[in-house]
Amino acid sequence: MNIHGQPHRSIEADHAERIARIIDQTLLPHQVEWRDLQTMEDAAEAIQVMRVRGAPLIGATAGFGMFFALRDDASDASLQNAYKILHATRPTAVNLRWALDRMKRIVSPLSIESRADAAWHEAIAICDEDVQTNHAIGQHALPLFSAIQAKKADPTTPLNIMTHCNAGWLAAVDWGMALAPVYQAHDAGMNVHVWVSETRPRGQGASLTAFELREHGVPHTLIVDNNAGHLLQRGLVDLVIVGTDRVTAQGDVANKIGTYLKALAAKAHDVPFYVALPVSTIDWTITDGIRDIPIEQRSTREVTHMPGLNAEGHREEVLITPAGTQARNDGFDVTPASLVTALITEHGVYEATAESLKRLHAKL
Ligand code: MRU
C-alpha cells in the first residue's frame, strides 16, 4: 500500500526496538499519524477504541500484544491473562481468537526463557503471511472480475464494483481482502470504478475506503448507505464484494452492519455478491451464523452524533438527534449463505455451502 506515494503496511514491526507501529485509524482521513505500541495494554486499547480495526489487522495486533505480555512476564499466568484481556477487546472478528490461539500454541510448549523470542517471530510471521494471503485472494478474484467485464454489453465501460465498510489494506496488514482484486485489476489496466458506501455510523467507507482508493488512484464514488438498492436496481453495479469478520462452517457471513441489505438487493437484481476472506476468518466450530455469531453492541453515541472537521479544520462531533433520543448500534449483521455467490479465499473460490467448505477444510 502507498501513503503519499511511500510503501507502507498498516502495522509495522520495529525490529531494533521490538515494538509495533500502527496508523491511528481514528484520525483518518484527515491526519496520517503513526503510533507506537509498546505494551500489551497499548495493543488492547488500540483494538478496543478502533485505532486498528478490520478482522485480520485486529488479529495481527493481538499477536504483538501477546509478545509484549510475554516479554514482560513469560509465565503461564501472564499468557492466560494476556489472552483473556486481548480476546475481550472485540467480539465479532474471529481472527482475534485465531491469532491468540496460534500464539498460545507456539509458545506454550516452550521454556519460559525462549517464549518471548518465539512470540516476536510468530507475530511477524502472522503479518508476513497476511500479506501473501491477501495477494492470493486478489489473484483468485481477478478472473471473476474479468469474466463479468467481458460479459458486459459494452466491455469498454468501467466495471462497477460496490463495496461496504473497509476491507482494504487498512483492515489487514497489506492489500486487503475485498479491495485486493480491485487494486490488482486497476494495476493490470482494467477499467474499474468503485461505489463506496459511507458505512454509518463510524463511516469506514467514507473515511478509510475512500482514503485508500484515492491513495492508489482508483476511480471511486462515495454514496450514502441507502443509495445502494437504487444503484443495483438501475443496473449500475456489476458486482458487490465485501470482507467479513466471521464465516460459519455452512457459509453464513458476518460483516459490518448494512451488508445484509446489500446482499438482499444484489440477489433481487441478479448481481453477484462475493465475500473475500482469509481462511482464518472461518469459524469451523459454528454453523448457524444468525444464532451463533456474537454481534458487537457499540455505543449509541456513534448513532446520535456525527464527527468531522469544522470550518477551522478542527475535529468536532455534533449531535444530530433530539436530546435524549433512544438509539441502538449493532456493529455487524449476518448474511445467510444463500445470498452469497461465492467465498473467495487464498486457496481459491468456494461456494458458500457446508459441502464446499468441507472440501476447503480438508485442504488445510
Ligand atoms: O468495525 P470494523 O471497522 O472493524 O469492521 C470491519 C469490517 O466489517 C470489515 O468489512 C471486515 O473486518 C472485513 S475486512 C477483513
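**Figure 1. The crossing of helices α2 and α4 in this predicted model is right-handed.** A crossing is right-handed if the near helix is turned clockwise from the far one by less than a right angle, and left-handed if anticlockwise. Helix α2 covers residues 55–72 and helix α4 residues 95–107; helices are DSSP runs (H or I, at least four residues), strands likewise (E, at least two), both numbered from the N terminus. The two helices pack at an angle of about 35°, and their axes lie 7 Å apart. Axes are lines fitted to C-alpha atoms, for helices over the stretch in contact, and angles run from 0 to 180 degrees between N-to-C directions. On the α2 side, the contact (heavy atoms within 4.5 Å) includes Ile58, Met66, Phe67 and Leu70. Leu96, Leu100 and Met103 are among the residues that α4 contributes.

The model is predicted, so local features need pLDDT of at least 70 and side-chain atom pairs pLDDT 80 or more, while totals for chains, interfaces and linings use all residues. Residues are numbered from 1 along each chain as its sequence is written, and side-chain values use heavy atoms, with hydrogens and water left out.

**Figure 2. Arg53, Arg90, Gln204, Asn255 and Lys256 come nearest to the ligand.** They belong to the 18 residues around the ligand, each with a heavy atom within 4 Å of it. A polar side-chain atom of Arg53 is placed 2.9 Å from a ligand oxygen atom. For Lys256, a side-chain N or O atom lies 2.7 Å from an oxygen atom of the ligand. The protein buries 100% of the 410 Å² that the ligand exposes when taken alone, with accessible areas from the Shrake-Rupley method and a 1.4 Å probe.

**Figure 3. Cys165 has a positive phi.** Its phi is about 60°, although Cys165 is not a glycine. This residue occupies the loop between β6 and α6.

Technical notes. A polar contact is a pair of N or O atoms within 3.5 Å; within protein, one must be able to donate a hydrogen and the other to accept it, and residues adjacent in sequence count only if both atoms are side-chain atoms.
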